[in-house]
Amino acid sequence: MITVNLIPKRVQDAQVRRRHIKGWTLINLVAGVSLAVPVCIDRVQQAKAQELQLERTLLTRELTAMRKQLVVVEGQAEDAFLRLQRADALRSKRAWSGMLALIGSAMPPQCWLTRLATDPKTPGRGPSRPAPAVKRPPAGQASPQVMIEAPRKLRLIGRATGASDPLAFVTNLKETGVFHRVSLAGTSREQGERESNFRFEIVCEW
């Protein structure tokens with residue numbers, strides 16, 4: 001059977017052209033979408049990266065500030081720890097009220113004191129022993145012992161009416177058993193306005 005296309009050649013060419021245009025348009029649309037998706041993903045990733053970078057910068061600044069604050073807090077804690085250790089050491093020092101009562105009970109009636117001084121005079125400032133630095137021990141370790149320059153001697157300066165009274169005073173102090181050593185550092189006779197007496201100096205060590 002013979003078929004005859006009665007559509008003019010010009011119309012047929014236009015139809016073919018329209019089909020080609022639709023095909024290329026569809027291909028370009030698919031290609032454009034295929035290219036746009038990675039670009040959008042990349043833009044989103046860049047935005048997230050910038051946001052994370054900003055967050056990292058803020059966290060770094062906060063960390064630096066916290067480290068500085070930690071250094072200050074550690075310094076304050078070490079200072080408080082040192083003060084506490086010194087306070088404990090000072091509380092463990094001998095009771096001076098009891099010491100004075102002991103000296104008064106050992107002193108003969110014919111003696112009286114004109115001066116009582118410790119040696120060294122000012123604890124903690126002696127040039128021979130610098131103050132040590134004490135730091136807080138790590139958790140689980142024992143606390144370091146705090147060494148404070150404390151008086152090791154007691155100098156008793158006074159007067160007596162008799163020459164044997166200072167020796168009796170020394171003997172009485174030795175018999176208390178409190179001191180490691182008691183010695184008569186010196187004695188001299190002095191003439192007063194009405195009568196003479198004996199000046200003495202006794203050194204007690206513990």
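Student: What makes Leu167, Lys174 and Glu175 exposed residues on the face of H3 turned away from its buried side?

Tutor: The cut-off: exposed means over 50% relative accessible area, buried under 20%, partly exposed in between (1.4 Å probe, protein chains only). Leu167, Lys174 and Glu175 fall in the exposed class. Mind you, this is a predicted model: local features need pLDDT of at least 70, side-chain atom pairs count only at pLDDT 80 or more, and totals for chains, interfaces and linings use all residues. Residues are numbered from 1 along each chain as its sequence is written, and side-chain values use heavy atoms, with hydrogens and water left out.

Student: Which residues of H3 are buried?

Tutor: Asp165, Pro166, Phe169, Val170 and Leu173. They sit on the same side of H3 because their arc around the axis is only 145°, taken from the directions from the helix axis to the C-beta atoms.

Student: What do the buried residues of H3 pack against?

Tutor: Helix H2 (96-106), plus S1, S2, S3 and S4; contact means heavy atoms within 4.5 Å. Helices (H or I, at least four residues) and strands (E, at least two) are DSSP runs, numbered from the N terminus.

Student: How do you know that S2 and S4 pair?

Tutor: Pairing takes at least two bridges found by DSSP. S2 (residues 153-160) and S4 (residues 196-205) have eight, in the antiparallel sense, so they count as paired. Leucine 156 stands opposite isoleucine 202 in S4.

Student: Why are S1 and S3 called edge strands?

Tutor: The open sheet runs S1-S2-S4-S3. Strand S1 (111-119) and strand S3 (181-191) each pair on one side only.
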